[in-house]
Amino acid sequence: MRAAGRGLAALWREPRLATVLGLGFASGLPLPLTFGTLSFWLAESGVSRTAIGLFALVGTAYSLKFLWAPLVDGLPLPPLTRWFGRRRGWTLGVQAALIATIAALGVTDPATDPAATAIAALAVAFLSATQDIVIDAYRIELLPPEAQGMGAAAVQWGYRGGMVAGSAGALYAAAFGGWGVAYAVMAGLILVGVVTVLLSP
C-alpha cells in the first residue's frame, strides 16, 4: 500500500501533468466567451432575447468538431509542424489564431453591428473546438498509460479554471475597463497555453 502511494506521488510530480493542466486552462478559457459571458454582454448592449438565442448556435462548432478532427490529425501545418512537431505546431497555430479572434471579438459592437459580433464569436468557437481536438490528442500521446487517468483529471481541473477566468474573470475585467478590455485580457490569457506548449516536450 505504501509503495502504491509512493508511486502515485511520483506520478503527480511528473512535469507532463503540469503541461496537461496548462493546456486544460487554455482549452476551457474560450468557451464562456462565446456563451455565458457573451450573452451577458449582448443583453447589456440591448440585443433582443431572440437574437441572443440565435447567438447560441455558435456552440454547434463544439458538437461538429468530429467532422474536421481527421484533417487536424492527419495534415501538417507548415512551417509550425517542421519546427515544433505536429501536435505542438497545431496547438501553437490555433492558439495564435485564438488570441487574434478573441481580441477581434472584443472590438465589435453588438448594439450596432451584431453580424460582426456573431462572425467573430463563430470564429472563436471554431478555433476553440479545434484546440480541444489537438489538446486531447496531444495529452494522450504525451502521457504514459499509467498516467492517463491523472492526465484526464488534470486537464479537467485546468479546464474548469479556464472557464472561471473566461466567465467571472471576464466580467470583473469588463466592470473596470469595458468589454474591449475584458476580451483583450482574455486573449492575453491564452498565452498560458502558448507558454505551456513551448516548455513541453
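This is a predicted model: local features need pLDDT of at least 70, side-chain atom pairs count only at pLDDT 80 or more; totals for chains, interfaces and linings use all residues.

Reply: Let's start with Trp179, which counts as buried because its relative accessibility is 11%. Its ring pairs with that of Phe40: the centres are 6.2 Å apart and the planes sit at 55 degrees, so this pair is tilted. Phe40 belongs to helix α4 and Trp179 to helix α12, so to speak distant parts of the chain, 139 residues apart. Phe40 itself is partly exposed, at 47% relative accessible area. Ring pairs also bring in Trp41 and Tyr183, making a cluster with Phe40 and Trp179.

Trp179 and Tyr183 also turn up where α12 meets α9: there they are joined by Gly180, Met186 and Ala187, facing Ile99, Ile102, Ala103, Leu105 and Gly106 of α9. The axes of α9 (residues 86-106) and α12 (residues 179-189) come within 7 Å and cross at roughly 170 degrees, which makes the two helices roughly antiparallel. Sorted by type, the residues of this contact are 8 nonpolar, 2 polar and no charged.

Leu105 touches Tyr183 and Trp41, and its other contacts include Leu33, Thr117 and Val124.

Back to the rings: the whole structure has 5 aromatic pairs. Another of them is Phe35 with Tyr62, tilted because the planes are at 45 degrees, with centres 6.1 Å apart. Phe35 is in the loop between α3 and α4 while Tyr62 is in helix α6, so this pair ties together parts 27 residues apart in sequence. Phe35 is partly exposed at 28%, whereas Tyr62 is buried at 15%.

Technical notes. Residues are numbered from 1 along each chain as its sequence is written. Side-chain values use heavy atoms; hydrogens and water are left out. Axes are lines fitted to C-alpha atoms, for helices over the stretch in contact, and angles run from 0 to 180 degrees between N-to-C directions. Helices (H or I, at least four residues) and strands (E, at least two) are DSSP runs, numbered from the N terminus. Angles under 35 degrees count as roughly parallel, over 145 as roughly antiparallel, 65 to 115 as roughly perpendicular and the rest as oblique. Contact means heavy atoms within 4.5 Å. Ala, Val, Leu, Ile, Met, Phe, Trp, Tyr, Cys and Pro count as nonpolar, Asp, Glu, Lys and Arg as charged, and the others, Gly among them, as polar. Rings of Phe, Tyr and Trp (its six-membered ring) pair if their centres lie within 6.5 Å; planes under 30 degrees apart count as stacked, over 60 as edge-to-face and the rest as tilted. Buried means under 20% relative accessible area, exposed over 50%, partly exposed in between (1.4 Å probe, protein chains only). Lists of a residue's contacts leave out its neighbours within four places in sequence.
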